[in-house]
Amino acid sequence: MQLVVARVGRAHGIKGEVTVEVRTDEPELRLGPGAVLLTDPASTGPLTIETGRVHSGRLLLRFAGVRDRNAAEALRNTLLIAEVDPDEQPEDPDEYYDHQLMDLDVVTKDGTEVGRITEISHLPSQDLFVVERPDGSEVMIPFVEEIVTEIDLEEQRAVIDPPPGLIDDDQAEIVSSRDTENASAKDDEDSSGADA
């Protein structure tokens, strides 16, 4: 099975290093020196990682045969793909590979259908599920345990407990209109108290 593990960013310096946007929870395993990665577009690969280091919080890689800034810049936006045994599991039981989460049905705790996971977006602060709703619209669900309460791979579903407004704009409007009503009621009380 093939998994996208990173996307090449801009060139760094003049010796062929590139920044990478990591898309794996195991960069030390997938993006270590000696790793041979397929690419998308395929014409730029395969690429062998020669060196890797962290600089200012970003992973920098140098690939075999890439010796200058121009060659590094030519790799920009290339996806790096690792071959992974489909039965392989992450060491931590609370971690999942992207391919395990793709296409899971997303439901709320009370069983209400939200949609289907179509993409996992790996941001520096947290991961997000991109969920396609039945009407074709998309909603972003932060993959944090306060919101995603259960991943059931056997049932092929993710159970969420969303805060108001995360998945339902109507809920957000109800909450905000309630706040407005409360505020205007308080204003009425204040103004009637001022007349006395």
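Here are a few questions and answers on the salt bridges of this predicted model.

Q: How many salt bridges does a search of the whole structure find?
A: The search runs over the whole structure, and a pair counts when a Lys or Arg side-chain nitrogen is within 4 Å of an Asp or Glu carboxyl oxygen. On that basis the total comes to 7.

Q: How many residues apart in sequence are the parts that Glu-50 and Arg-67 tie together?
A: Glu-50 and Arg-67 form a salt bridge, with their closest N and O atoms 3.0 Å apart. Glu-50 sits in strand β4, while Arg-67 is in the loop between β5 and α2, so the bridge joins parts whose separation in sequence is 17 residues.

Q: Which residue is linked with Asp-103 and Arg-116 in a network of salt bridges?
A: Asp-103 and Arg-116 pair up directly, the closest N and O atoms being 2.5 Å apart. Asp-103 lies in the loop between α3 and β7 and Arg-116 in strand β8, so this pair ties together parts 13 residues apart in sequence. The network they belong to also takes in Glu-132.

Technical notes
Residues numbered from 1 in each chain as written. Predicted model: local features only at pLDDT ≥ 70, side-chain atom pairs only at ≥ 80, totals over all residues. Heavy atoms only, no water. Helix = DSSP H or I, 4+ residues; strand = E, 2+ residues; numbered from the N terminus.
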